[in-house]
Amino acid sequence: MAASHEDPDIYPFLGGDPATQARWLAARGYPPATLLALHNACALRCFFCAGPGTIEVPAAEVTSAARADAQLAARPAGVHRLLVGGNEPTLHREFERLLAAARSAGFLRVDLMTNGAALATRAADWARHGVAEVVVPLYGADAHTHDGVVGSAAFAAVVRGLDAAHHAGIAVRVHTLLLRRTLGQLGALADLVQRRWGTRLGVALLRDKGRFDFAAEAPRFAAAAAAVAAVPLHCRPLGIGVPRCLPTVDEPPPLVAELYFRSQARVFGPGCDACPAARACGGVVAAYAAEVSSV
Ligand code: SF4
């Protein structure tokens with residue numbers, strides 16, 4: 001049974017074979033691609049994620065080489081784009097071999113969702129193996145803020161890594177969560193991302209997984225909306241899985257981030273009744289349902 005914060009619609013995609021994944025994407029208007037999800041322990045301790053299943057992964061649940069190879073070998077005809085994600089896939093012991101195997105299997109482009117910690121030393125090699133886009137979270141414009149969220153001294157390495165990826169010709173895509181503790185830095189972060197890597201920051205809302213103090217971490221919806229609206233238009237964030245009443249710019253997010261945040265269950269609240277944007281809106285994570293209102 002799905003956890004209440006998850007949308008089971010994504011399960012056939014996450015757990016499907018490549019042909020099923022490609023059909024699932026096509027049915028929803030997404031471009032042709034398949035997903036390689038690599039599960040293994042992550043080295044960071046992000047407060048909203050860290051727990052059993054992410055920082056400690058039993059050996060039996062680590063993605064086996066055989067399973068990953070089978071996923072690559074089953075590339076459907078006409079699909080040349082591979083999305084790579086999971087629990088920090090770059091720490092999977094087979095990661096680099098699988099990048100080479102993906103190229104041999106006929107994938108011409110890899111979109112990689114990563115915490116960015118290894119990019120500084122590996123980005124150039126990964127670019128040669130077909131990595132065309134990296135999707136990386138940054139939770140603040142300085143080390144104190146970012147590292148406080150991820151529970152590790154990671155900021156400097158991630159910035160160096162994004163520099164290396166940019167230098168290697170990889171498209172850099174950065175996203176963040178709208179948190180109470182980071183909201184005051186949203187403009188500075190959006191500006192940093194625009195100036196340094198020539199890209200627009202993506203933003204998403206925190207969802208309540210019941211494993212942290214949601215009220216202490218999540219800003220009120222009105223505060224989040226005001227922070228987004230205060231960012232100058234040239235670097236105003238785009239939204240990832242956010243409702244239309246959050247004043248983000250209307251640009252598509254990176255595909256692998258869009259799919260990651262599609263696992264969030266979203267609902268409509270009383271304020272959505274008669275909202276003219278409702279037809280184009282996917283709703284909002286449940287914890288905010290009572291706070292959204294017609295735009
Ligand atoms: S009020 Fe509801 S339907 Fe309208 S944009 Fe916000 S979340 Fe979507």
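At 25% relative accessibility, Glu 291 counts as partly exposed; residues are called buried under 20% relative accessible area, exposed over 50% and partly exposed in between (1.4 Å probe, protein chains only). This is a predicted model, in which local features need pLDDT of at least 70, side-chain atom pairs count only at pLDDT 80 or more, and totals for chains, interfaces and linings use all residues. Residues are numbered from 1 along each chain as its sequence is written, and side-chain values use heavy atoms, with hydrogens and water left out.

Glu 291 forms a salt bridge with Arg 220, the closest N and O atoms being 3.6 Å apart. A salt bridge here is a side-chain nitrogen of Lys or Arg within 4 Å of a carboxyl oxygen of Asp or Glu. The pair links distant parts of the chain, with Glu 291 in the segment after β9 and Arg 220 in the loop between α9 and α10 (221–229), 71 residues apart. Helices (H or I, at least four residues) and strands (E, at least two) are DSSP runs, numbered from the N terminus. Arg 220 is exposed, with a relative accessible area of 52%.

By the salt-bridge rule the count comes to 17. One of these joins the side chains of Asp 9 and Arg 262 (3.2 Å, N to O). Asp 9 lies in the segment before α1 (11–15) and Arg 262 in the loop between α11 (255–261) and β8, so the pair ties together parts that are 253 residues apart in sequence.

Six of the seven residues of strand β4 (residues 131–137) are buried, so the strand is largely enclosed by the rest of the structure. Strand β3 (residues 109–113) pairs with β4 in the parallel sense over four bridges; two strands pair if DSSP finds at least two bridges between them. Within this pairing, Asp 111 stands opposite Glu 133 in β4. Both residues also belong to a network of salt bridges that links Arg 81, Arg 109, Asp 111, Glu 133 and Arg 173. β4 also pairs with strand β5 (residues 171–178), in the parallel sense over five bridges.

Helix α5 comes next. In α5, Leu 119, Ala 123 and Trp 126 are buried. They cover an arc of only 80° around the axis, which puts them on the same side of α5; the arc is that of the directions from the helix axis to the C-beta atoms. The face turned away from this buried side carries the exposed residues Thr 121 and Arg 128.
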